[in-house]
Amino acid sequence: MSTAKKIKEKVSSFDEGTTFKYDQLGIDNSEYGAATKAIERMVSKGLVKRISRGLFYNPKKSSFGDLKPNEDQLLKPYMYEGDNRIAYITGLSLYNRLGLTTQVPSTVTLACNKKRINTEIDNLKIKSVKSYVDPTDENIHLLEILDAIKDFKKIPDLNIDNAIGQLQGRISDLSTTNRNKLITYALQYPPRVRALLGALLTDQEYNNAFPKLKNSLNPLSSYEFGSLSSSLSTAQNWNIV
């Protein structure tokens, strides 16, 4: 089968509105030249749309014309290398989704260890920060909790009672295995994260958190989160002020 035909069949297999890059076409390095020409011909015929250099999508048709990919699809090439996740959404976009703030950011922040990202695609601004733990599809819901704890003081319009309740609810919903993973991941985060997580866990009587998290903290250090005592009775036990 020719490279051009292989490319056409592969692109046709993608769902409408799906973004893709050359490395998702299942071609050998020796076929990249032919693949580039094949994609360019498809672009010229309107079968494929280009978003930016090396990033394309299979257009979804509507009565109003071709629909552009949604935000998830625009971000996907930056969150995956092949089938492997390398980044996840954090910052205000995450905290808005978690119900911790009403503010909607103008820039989407990705947490990533593999590369630094600072770009704009189709009016969507993207930047990156370093993740504390390598993300996977299976652990990002745990990293989201830890990121929210890390940025607790910085989240705009934060209602402390609501935020504590939201975090406790998410922790309570975790299985014992995932709760233990949360504690393990927390050891790679700053001390203030370990302190507040410890307070949240022991407030719900998950006391297995006490040794690992407590022993990782300097007993002479304190952690300022604002007035949490009315919302979290165990805060003082973790030197949270």
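Contact here means heavy atoms within 4.5 Å. By that criterion, T3, A4, I7, K8 and V11 of helix 1 meet A34, A35, A38, I39, R41 and M42 of helix 2. Please keep in mind that this is a predicted model.

**Helix 1 with helix 2**

- Helix 1 and helix 2 pack with their axes 9 Å apart, at an angle of about 55°.
- The two are therefore oblique to each other, and the crossing of helix 1 and helix 2 is right-handed.
- On the helix 1 side the contact includes I7 and V11, and on the helix 2 side it includes A38 and M42.
- Sorted by class, the contact of helix 1 with helix 2 has eight nonpolar residues, one polar residue and two charged ones.

**Helix 5 with helix 6**

- Two packed helices are described by the angle between their axes and the distance between the axes.
- For helix 5 (residues 140-150) and helix 6 (residues 160-172), the axes come within 11 Å and cross at roughly 155°.
- That angle makes helix 5 roughly antiparallel to helix 6, because angles over 145 degrees count as roughly antiparallel.
- The crossing of helix 5 and helix 6 is left-handed.
- Helix 5 brings I145, A148 and I149 to the contact, while helix 6 brings L167, R170 and I171.
- The residues of this contact of helix 5 with helix 6 divide into five nonpolar, no polar and one charged.

**Helix 5 with helix 8**

- Helix 5 also packs with helix 8 (residues 191-203), at an angle of about 110° and with the axes 9 Å apart.
- That makes helix 5 roughly perpendicular to helix 8, because angles of 65 to 115 degrees count as roughly perpendicular.
- From helix 5, the residues L146, I149 and K150 meet R192, V193, L196, L197 and L200 in helix 8.
- I149 is worth a look in the viewer: it takes part in the contact with helix 6 and in the contact with helix 8.
- The contact of helix 5 with helix 8 holds six nonpolar, no polar and two charged residues.

- Strands of a sheet pair through backbone hydrogen bonds, either parallel or antiparallel.
- Four strands form an open sheet in the order 8-9-11-10, and the pairing is mixed.
- Its edge strands are strand 8 (87-90) and strand 10, each of which pairs on one side only.
- From one strand to the next, the twist averages 35°.
- Strand 8 and strand 9 run antiparallel and are joined by four bridges; Y88 stands opposite A111 in strand 9.
- Strand 9 (residues 107-112) and strand 11 (residues 124-130) run parallel, with six bridges between them.
- Strand 10 (residues 118-121) pairs with strand 11 in the antiparallel sense over four bridges, and T119 has I126 of strand 11 as its bridge partner.
- Strand 10 and strand 11 form a hairpin with two residues between them, and D122 in the turn has a positive phi of about 50°.

- Another open sheet has three strands in the order 1-3-2, and its pairing is antiparallel.
- Strand 1 (19-21) and strand 2 (49-52) stand at the edges with a single partner strand each, so one side of each is left without a neighbour in the sheet.
- Neighbouring strands of this sheet are turned by 40° against each other on average, direction ignored.
- Strand 2 and strand 3 (residues 55-57) run antiparallel and are joined by three bridges; the bridge partner of R50 in strand 3 is F56.

**Salt bridges**

- Side chains of opposite charge can pair when their charged atoms come close.
- The structure holds five salt bridges.
- One of them joins E31 and K6, whose closest N and O atoms are 3.0 Å apart.
- E31 lies in the loop between strand 1 and helix 2 (32-44), and K6 lies in helix 1 (residues 3-13), so the pair ties together parts that are 25 residues apart in sequence.

Methods. Residues are numbered from 1 along each chain as its sequence is written. This is a predicted model: local features need pLDDT of at least 70, side-chain atom pairs count only at pLDDT 80 or more; totals for chains, interfaces and linings use all residues. Side-chain values use heavy atoms; hydrogens and water are left out. Two strands pair if DSSP finds at least two bridges between them. Axes are lines fitted to C-alpha atoms, for helices over the stretch in contact, and angles run from 0 to 180 degrees between N-to-C directions. Angles under 35 degrees count as roughly parallel, over 145 as roughly antiparallel, 65 to 115 as roughly perpendicular and the rest as oblique. A crossing is left-handed if the near helix is turned anticlockwise from the far one by less than a right angle, and right-handed if clockwise. Ala, Val, Leu, Ile, Met, Phe, Trp, Tyr, Cys and Pro count as nonpolar, Asp, Glu, Lys and Arg as charged, and the others, Gly among them, as polar. A salt bridge is a side-chain nitrogen of Lys or Arg within 4 Å of a carboxyl oxygen of Asp or Glu.
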